[in-house]
Amino acid sequence: MTVGRLARAAAIVALFGLLSRVLGFAREIVLAAAYGATGTTDAFVNSLLIVNSVAAVLLYTLVTLIIPTFQRERADNGTESAWRLVTALAIWVGGALVVLASLAAIWPEAPAALFGLDATRAAATADLIRIMAPALAMQGFSAIFTAMLQIHGRFAGPAAVGVAFNAGVIVAVIAGQGTIGIEAAGWGVTIGATLQVLLQLPQFWRLLREARARPAVTHPRLGAVGLLALPVLGASVLQQINSFTDKFFASTLEEGRVAALNFASALGQAPRVALLLPLLTPLFPVIAKLVSEDREADALRVFRRVLGLLGLLSIPMMALMAIYSHEIAQLAFQRRACGTECVDEIAPPLLFYAFALWPAFASLLLNRTLSAANRQNAILWTTVATVAITIVLDIALLGPMEQAGLALAATLGVYANAAMLMVRLRHHYPRVGVRGLAARQGRLLLAGALAALTALASNLVLPTDDMGSLEMLPSLVVKLAVAVAVFIAAAWALAREELDEGRRSVVALVTRGR
C-alpha cells in the first residue's frame with residue numbers, strides 16, 4: 001500500500017471515527033441531560049459495559065487473528081483455501097454469539113450480579129441487559145464483517161459502524177426517555193447494533209461475490225487457528241477486566257460516580273478513536289503482509305516511522321488535555337442535569353486519563369506489531385501482568401482518591417503495559433533499536449514539556465477555570481493555539497524528522513504520490 005493510499009484510507013477512517021466520536025459525545029451529553037449522574041445512569045453504564053465488552057473482545061480478537069491468518073494462508077496455500085478458513089471461523093463464532101445472546105436474554109440477573117449493586121440498581125441493570133441482549137449478537141456479527149472487510153482494504157463500512165450505533169442510541173433516548181425512561185437508552189443500544197450490521201452487510205456480500213468465496217464449516221487448519229486464538233482471546237478478555245473492575249469499584253462509591261467515571265473515560269479516549277485507530281487500522285494489514293513475507297527490515301522501518309508520528313500527535317494532546325481537564329469537562333457536559341457538581345466529579349479522573357494518551361498510542365502499535373509476528377502468547381502474559389498491576393493500584397488508590405484514583409491506576413497500568421510490550425518487541429526483534437526510539441520520543445517529550453509550560457504560563461494571563469462555558473471559549477482557544485505553536489516550533493528544532501513525517505502524511509491526504 002502506497003503512502004498516499006494509506007493516508008487516504010486513514011483519512012476515511014478518521015472522518016468516520018471523528019463523526020462517531022462526535023456522536024458518542026452527543027450520546028453521553030444526551031444521557032447526562034436526560035438522566036443525570038444518578039443510580040439509573042449507573043445501571044445503564046454497567047449494562048452497556050456488558051454489550052460493549054463482548055463487541056470489543058470479538059473485534060480485537062478477530063481483527064488481530066483473521067488478518068494475519070488470511071495473509072499467511074493465502075501465501076502458503078492460495079486464496080481459495082484462505083477464504084474457506086476465515087469463513088469457517090466466522091460461522092462458528094456466529095453460532096456462539098447466538099447462544100450467548102439467548103442466555104443473556106433468559107438469565108440477565110447473572111451478569112447484573114457481577115457488579116455487586118444494591119437491589120434497586122441490580123434490578124434496573126438486569127432489565128436493561130435483557131433489552132440489550134440482541135445487541136450482543138449484532139455487535140459480534142459486525143465485528144466479523146469488520147475483520148473480513150479490512151482484509152481487502154475495505155475500511156469505509158467498518159469505520160462507519162460507530163456512527164450508526166451512536167445515532168441509534170441518541171434517537172431512541174430523545175424519542176422515548178419521557179415515556180419509558182432509561183429503557184429508551186437500552187432499546188437504542190439494540191437498534192444501533194442492528195444498524196451496524198445492516199450498514200456493512202451489502203459491502204460484505206459484494207466482497208464474497210467478488211472473491212467467489214463459498215461458506216465452509218471445516219478446514220484442515222481450523223483447529224490450529226482456534227488454538228492460536230486462545231491467547232488472543234484471553235488477552236482481549238483481560239483487557240476488558242480493568243473496565244469491569246473500574247465499574248465494580250466505582251459502584252461502591254456514591255450513586256452517580258460510575259457515570260462520572262464513564263464520562264471522563266469517554267473524553268479521555270476521544271483522541272485514540274479520532275487519530276490512533278484511523279492510522280493503525282489500514283496500517284495493520286501492511287505490517288502483517290510484510291511479516292508474512294519475512295521482510296523484517298521493512299516492517300521495523302514502518303514501525304519506527306509510525307511510532308514517531310504517534311508521539312508527535314499524542315504528546316501535545318496529553319499535556320494540554322491534562323492542563324485544561326476542568327475546562328474540557330465543563331464544555332462537554334455542563335448542561336441541564338449535569339451541573340457544576342457533576343463537572344467537578346468528571347474533571348479529576350479526566351486529568352489522569354489524559355496522561356495515558358502517549359503510552360496508549362504506543363501500546364496499540366506495539367501490540368499490533370507483535371500480533372503480526374504471531375507473538376500472541378507474549379501479549380497475553382503482558383496483559384495478565386498489566387491487569388494485576390492495575391487492580392492492585394485500584395485497591396490502593398480508591399479510598400484516598402475515589403474515582404480519580406481508579407483513573408490514575410488505569411494510567412499507571414498503561415505505562416507499565418507499554419514498557420513490557422517494548423521489552424517483548426526488543427526480544428523478538430533485536431534490531432529494533434530501543435535507544436534510538438527512546439531518544440526520538442524524548443525529544444518529542446521535551447517539546448511537549450515546553451508547550452505545557454507555555455499553557456501554564458498563559459493561565460496566569462488568561463485564567464478560565466472559573467468562567468462559564470461560552471465566556472471561557474475564546475480565551476481557551478487562544479491559549480491552546482499558542483501552546484500548539486510553541487510545540488511545533490520546539491519540534492522543528494528538536495525532532496525535525498518526526499515533524500517532516502507528519503507534514504508528509506498531511507500532504508499525502510491530498511496527493512496521489514507514493
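Is glutamate 498 buried or exposed?

**View 1. Glutamate 498 in helix H19.** In this predicted model, glutamate 498 is found in helix H19, which spans residues 496–508. With a relative accessible area of 2%, glutamate 498 is buried. Leaving aside residues up to four places away in sequence, glutamate 498 touches Gly308, Leu312, Arg440 and Leu444. Glycine 436 lies 62 residues from glutamate 498 along the chain, and the C-alpha atoms of these two residues are separated by 13 Å.

**View 2. The largest nonpolar core and valine 432.** The largest nonpolar core has 67 residues, of which Leu267, Phe303, Ile346, Leu425 and Val432 touch the most other members. Helix H10, residues 257–292, supplies the largest share of this core, namely 11 residues. Apart from this core lies another, made of 56 residues, among them Leu97, Ala147, Phe165 and Val173. A closer look at valine 432 shows that, when residues up to four places away in sequence are not counted, its contacts are Leu300, Phe303, Arg304, Met422, Leu425, Arg426 and Leu437.

**View 3. Glutamate 402 between two helices.** Glutamate 402 lies in the loop between helix H15, residues 376–401, and helix H16, residues 403–428. Although glutamate 402 is not a glycine, it has a positive phi of about 55 degrees. Most residues other than glycine have a negative phi. Glutamate 402 counts as partly exposed because its relative accessibility is 33%, a value that falls between the limits of 20% for buried and 50% for exposed.

View 4. A search of the whole structure finds 11 salt bridges. Side chains of opposite charge can pair when their charged atoms come close. Another salt bridge joins the side chains of arginine 121 and aspartate 42, with an N to O distance of 3.1 Å.

View 5. Arginine 301 forms a salt bridge with aspartate 298, and the closest N and O atoms of the pair are 2.4 Å apart. Both residues lie in helix H11, residues 296–323, where they are three residues apart, or about one turn of the helix. Arginine 301 is partly exposed, with a relative accessible area of 43%, and aspartate 298 is also partly exposed, with a relative accessible area of 21%. Elsewhere, salt bridges that share partners join Glu254, Arg257, Glu345 and Glu402 into one network.

**View 6. The crossing of helices H5 and H8.** Two packed helices are described by the angle between their axes and the distance between the axes. The axes of H5 and helix H8, residues 183–211, come within 8 Å and cross at roughly 25 degrees. H5 is therefore roughly parallel to H8, given that angles under 35 degrees count as roughly parallel. The crossing of H5 and H8 is left-handed.

Notes
Residues numbered from 1 in each chain as written. Predicted model: local features only at pLDDT ≥ 70, side-chain atom pairs only at ≥ 80, totals over all residues. Heavy atoms only, no water. Core = buried A, V, L, I, M, F, W, Y, C linked by side-chain atoms within 4.5 Å. Buried < 20%, exposed > 50% of the residue type's maximum accessible area, 1.4 Å probe, protein only. Helix = DSSP H or I, 4+ residues; strand = E, 2+ residues; numbered from the N terminus. Contact = heavy atoms within 4.5 Å. Salt bridge = Lys/Arg side-chain N within 4 Å of Asp/Glu carboxyl O. Axes fitted to C-alpha atoms, helices over the stretch in contact; angles between N-to-C directions. Parallel < 35°, antiparallel > 145°, perpendicular 65-115°, else oblique. Left-handed = near helix turned anticlockwise from the far one by under 90°.
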